[in-house]
Amino acid sequence: MTGGSLLLVLSLAFPLVLLLGALSRDLRQHLPRILPYAPVPALATALFASGATFALPDWPLRLTLELDAPGAILLGVAALLWIVAGVAAQGYLRGRSDAGRFSVWWLTTLVGSMGVFIAADLPSFYLLFSMVSLAAYGLVVFDDTPSTRRAGRVYVALAVLGEAFLLLAFVLLSTATADNSLMIRDVVGNLAQSPWRDLTIGLIILGFGIKMGLVPFHVWMPLAYTAAPIPAVAVMSGAAVKAGVIGMIRFLPFDSASSGWGTALVVVGLFSAFYGVAIGITQKNPKTVLAYSSVSQMGVIATVFGMGLSSGDRGVMLGGAFYAAHHILVKGGLFLAIGAAASVGSRRLWPVLLPAAIIALGIGGLPLTGGALAKLAVKDTLGYGLVGTLGALSAAGSTLLMLHFLTCLQAVPIEPKMVRPSSRSALSMVLSPVAPWLAIALAAILVPWVLYLSVLGGSVADALKPYALWSSIWPMLIGGALWSALQRWGNRLPLVPRGDILVFFGAVKPASARCSAAFEQADDYLRRWPVAGLSLLILAVAFGIATFALR
Amino acid sequence: MTGETTAALLATTSGGYLLVLAIMLPLIGTIAIVLLGGQRAERVALVVAPLGLVIAAAILASVWSSGQPLVYIVGGWRPPLGLALRSDGISAVMIAITAIVMCATVLFARGQFRGPAPGVEGRAQMVFWSLLLAVWGALNAVFLGDDLFNLYVALELLTFGAVPLVCLDGRAETLSAALRYLLFALMGSVLYLLGVALIYGAYGTLDIVLLAGVVRSEPVIWVAVALMTVGLIAKTALFPLHLWLPNAHAGAPAAASAILSALVVKGSFFLILRLWFDVMPGQIHLPAQILGFLGAGAILLGSVLALRQARLKLLIAYSTIAQIGYLFLLFPLAVGSGIASPFASIAWTAGLLQLASHAFAKAAMFMAAGMIYEALGHDRIDRLGGAGRVVPIAVFAFAIGGLSLMGLPPSGGFSAKWMLLQASVGEGQWWWIIVITLGGLLAAGYIFRVISPTLIQPFPAPELKAVVPVSRQGVALALALFAVLLGFVPLEPWPLLQIGRTAVEAHLP
């Protein structure tokens with residue numbers, strides 16, 4: 001086994017071994033101390049094991065791992081966020097009796113989150129995708145209240161629905177492949193010849209679209225992101241949601257153009273991009289605002305993949321991964337900023353607020369930030385027609401939403417937990433949520449540059465061309481103007497409940513209750529003696545006739 | 001068919017005595033318990049169980065390594081005069097599953113049915129252990145029997161062993177549940193026996209191997225098979241003939257529920273397989289579709305009803321109805337669109353995998369539910385908060401078993417669902433895909449209903465009614481892990497299941 005393969009295995013095996021340790025109650029108590037180290041092998045893999053592969057023989061374990069460029073970008077950046085958020089989680093868990101339980105959900109989600117970036121066969125990918133999706137439920141409902149329970153229910157319902165779509169898609173993929181191969185590369189390469197090609201692509205878009213929170217499947221995002229504790233929502237919104245992104249990268253057939261599904265994805269993506277902004281500005285809770293920003297940003301990424309799908313352009317895999325990598329750091333970071341703001345209070349807010357302003361506006365494309373580079377990386381893909389213009393306008397929307405977020409951030413109340421007297425020095429109490437935030441903010445500015453120059457092969461000159469600068473400045477100006485309008489007339493906006501269209505599902509509830517009550521009545525009826533006896537007779541006659549008919 | 005092939009198929013093979021042992025050992029155990037009394041019943045079972053496991057392993061190993069079925073001719077008289085016991089690949093697998101679940105149940109039930117005081121003989125003790133072993137022997141007889149009347153006897157023994165297990169506690173409601181079970185099972189038996197009589201009258205033999213060579217497509221066999229199928233369906237509690245199952249399985253003590261749900265209903269299912277794939281000649285597309293549709297109805301009705309139950313054991317019982325439904329999808333999918341041999345098809349493997357993983361997962365879940373009941377003093381789902389604290393391993397076992405029912409990887413349930421879906425796609429029978437998917441979503445719903453409250457730690461913590469030893473919780477977990485282990489089998493047809501079946505196939509016109 002080469003060093004690269006060993007690293008690939010370790011990036012999953014190490015957190016798994018920690019999880020095994022959690023079986024012992026004594027060890028479980030100490031687990032929070034190790035949380036920041038759990039993703040270290042994954043980070044090392046991303047840095048040093050590019051192109052490595054690992055395969056176990058077919059029986060009894062099917063496990064094939066591979067690291068390609070988009071996978072490596074996402075794996076490395078996600079691991080970085082998991083490390084920093086792990087430090088924040090330690091602070092959050094200090095002195096809590098249920099820290100061990102939190103750590104178990106955390107590590108399970110972590111294994112899945114790292115695993116989807118390197119899994120190379122269908123069953124392993126499905127397993128790891130299920131882990132990152134379902135284990136995050138434990139994080140969402142960790143603070144047990146009626147509202148987190150509701151968030152957890154909505155989250156799990158949509159996660160399970162997504163899994164069902166994906167299972168069907170994967171079965172179609174493998175059945176259409178003649179030699180029964182289960183390797184992702186083989187089955188996707190064969191997709192063009194599949195008799196169920198369109199159905200498969202549709203199921204893939206549905207399955208991963210739910211994970212990415214595309215409208216109308218975004219309803220879980222504002223609920224879950226508001227419910228989960230800060231360190232948990234940082235990794236969920238930053239890293240875990242990228243399981244959907246890598247899914248589209250791995251499974252959409254970018255080799256062959258399919259304009260119908262491509263256009264559909266573009267439409268859904270752009271709609272999500274603007275819809276997220278429109279609802280986001282009506283929200284007051286900064287966590288909810290960021291959640292709607294995620295809906296919007298995932299919409300942009302979906303638009304990029306849609307353009308790639310309709311033109312058959314493999315380049316979007318790398319560009320999309322880069323855009324997503326920037327989002328990992330910024331979104332994860334901004335959630336940590338909320339925690340940091342809550343710990344320092346409004347008087348000493350500026351060390352939190354200033355970096356937050358820089359990276360938040362990066363989402364809108366602030367020049368010289370990673371966000372500007374991310375926009376640049378997908379600019380050619382979006383093109384210079386209608387989609388390109390709408391893409392630029394969505395940047396104006398993001399600017400507006402981020403300015404709104406910064407306003408809400410200043411109003412975050414100080415967490416009572418932080419004021420209470422403790423044996424530790426006040427400075428370390430303040431530092432514990434602030435330090436990880438500053439670290440991730442720094443990474444959010446530096447890492448995109450490193451990736452842009454090394455992996456994407458861009459140059460500083462390209463990024464600083466006057467045209468490039470202007471094309472990122474004008475949407476920001478529009479966004480700024482819109483924000484001042486929002487400041488002025490914002491109170492006239494309607495109060496949209498968190499999870500917006502979820503209220504319409506309230507109308508479905510009685511219908512589904514009636515439906516299941518009907519099943520119960522049917523069951524009662526069928527289980528009566530005379531009815532069961534009659535069924536017995538009818539079935540006997542039916543089988544007799546059926547056998548006769550096929551003589 | 002030539003005389004020599006029949007002779008080859010129906011001659012005692014080396015190791016054939018294992019088949020006799022597999023049936024006789026548990027029955028000798030039953031007799032020993034009756035003779036020695038309830039005080040020593042548990043000890044007898046503890047001796048019989050490991051021996052039974054060894055015999056099952058030996059049968060499986062022998063069939064697997066030789067690639068040939070094991071045969072034993074009772075008394076040296078060949079059919080049609082004498083009786084034959086025969087273990088092909090699928091019988092060997094069924095015997096192994098039974099042995100594993102039985103051993104786990106014996107360990108789980110240790111000390112559960114002791115008398116009120118030391119030295120005082122408990123009636124329940126003797127009844128439970130003797131019936132448990134009787135059910136084991138009867139199941140092995142069902143899996144090994146090669147003669148339709150012999151199978152009838154085994155089936156009756158199975159019913160009479162299983163019914164009293166339901167009403168061990170003697171409460172009025174469990175008595176009425178047991179009575180329901182008994183009456184409906186007897187109705188099933190009568191129909192089966194009627195079919196057997198018709199076949200004997202028409203062909204003069206009841207041996208499955210011999211019958212396969214002589215049956216023609218004619219009214220007598222249609223009627224006979226229809227009657228037998230319906231009788232067996234009633235015993236399997238397939239929708240819409242499931243009236244007896246929920247109360248019987250939910251009312252029995254946990255150890256008994258585990259056996260009833262995991263194994264007993266599979267006995268009659270196994271005979272339906274034998275009947276349609278080994279005895280019936282020619283094309284069976286339409287009846288297979290009917291069986292499939294009944295299965296689909298079971299999946300939907302059982303799952304929705306499981307979602308609506310307020311009590312944990314009833315939820316599990318309705319889930320059994322749904323999971324039995326999946327087994328019947330095997331028929332339309334294995335018959336298929338003319339693959340050379342249905343036994344080689346992916347649906348055949350999927351069905352058996354579903355059977356095995358459901359057996360392990362469901363036994364583990366009933367055991368876990370029983371322990372939750374012991375610890376909390378109730379099994380109301382909305383008040384399960386804190387169960388994860390008082391019986392953590394049992395709750396974990398329930399969750400693992402539940403993941404298999406939902407079809408999440410890695411688990412036998414996932415592999416079974418994957419292959420069932422693959423077969424449906426491959427056969428172009430799209431309607432099953434919708435049912436399988438809906439069933440999976442509903443299963444996720446009812447498992448989630450149970451798991452999510454157990455994660456919560458309510459204040460004040462629930463009062464502990466009884467301490468459940470870790471060893472018993474470990475038994476349930478071990479069974480659930482068996483269901484997980486099945487997820488590591490290759491996603492393709494198992495050659496093991498075809499052993500001894502192509503020979504029968506060769507006789508078909």
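1. The buried residues of helix α20 of chain B are covered by elements that include α4 (89-109), α15, α17 (392-406) and α18 (412-427) of chain B. Helices here are DSSP runs of H or I of at least four residues, numbered from the N terminus. A residue is buried if 20 or more other C-beta atoms, placed from the backbone, lie within 10 Å of its own. Among the buried residues of α20(B) are R472(B), Q473(B), F482(B) and V484(B).

2. This is a predicted model, in which local features need pLDDT of at least 70 and side-chain atom pairs count only at pLDDT 80 or more, while totals for chains, interfaces and linings use all residues. Residues are numbered from 1 along each chain as its sequence is written, and chains are lettered from A in the order in which they are written.

3. Helix α20(B) covers residues 470-485 and reaches 22 Å from its first C-alpha to its last, close to the 22 Å expected at 1.5 Å a residue. The expected span is 1.5 Å times one less than the number of residues. The 15 residues of α17(B) should span 21 Å by that rule, and its end C-alpha atoms are 21 Å apart, so the two values agree.

4. Is α17(B) mostly covered or mostly uncovered? It is mostly covered, with eleven of its 15 residues buried. What covers these buried residues includes α13 (312-328), α15, α18, α19 (430-455) and α20 of chain B. After α17(B) comes G407(B), with a positive phi near 85 degrees.

5. The largest nonpolar core has 420 residues, and L81(A), A368(B) and I372(B) touch the most other members. Such a core is a set of buried Ala, Val, Leu, Ile, Met, Phe, Trp, Tyr and Cys residues joined through C-beta atoms within 7 Å. Helix α15 (residues 346-376) of chain B gives the most to this core, with 23 residues.

6. Not counting residues up to four places away in sequence, I372(B) touches L312(B), D379(B), L384(B), A387(B), V391(B) and A394(B). Contact is taken as C-beta atoms, placed from the backbone, within 7 Å.

7. Between the chains, 41 residues of chain A are in contact with 44 residues of chain B. Helix α24(A) gives the most to the side of chain A that touches chain B, with twelve residues.

8. An automatic or database assignment sets the domain bounds; for chain A it gives domain 1 (3-500) and domain 2 (505-549).

Conventions:
A residue is buried if 20 or more other C-beta atoms lie within 10 Å of its own, exposed if 12 or fewer, and partly exposed in between; C-beta atoms are placed from the backbone. Helices (H or I, at least four residues) and strands (E, at least two) are DSSP runs, numbered from the N terminus. Two residues are in contact if their C-beta atoms, placed from the backbone, lie within 7 Å.
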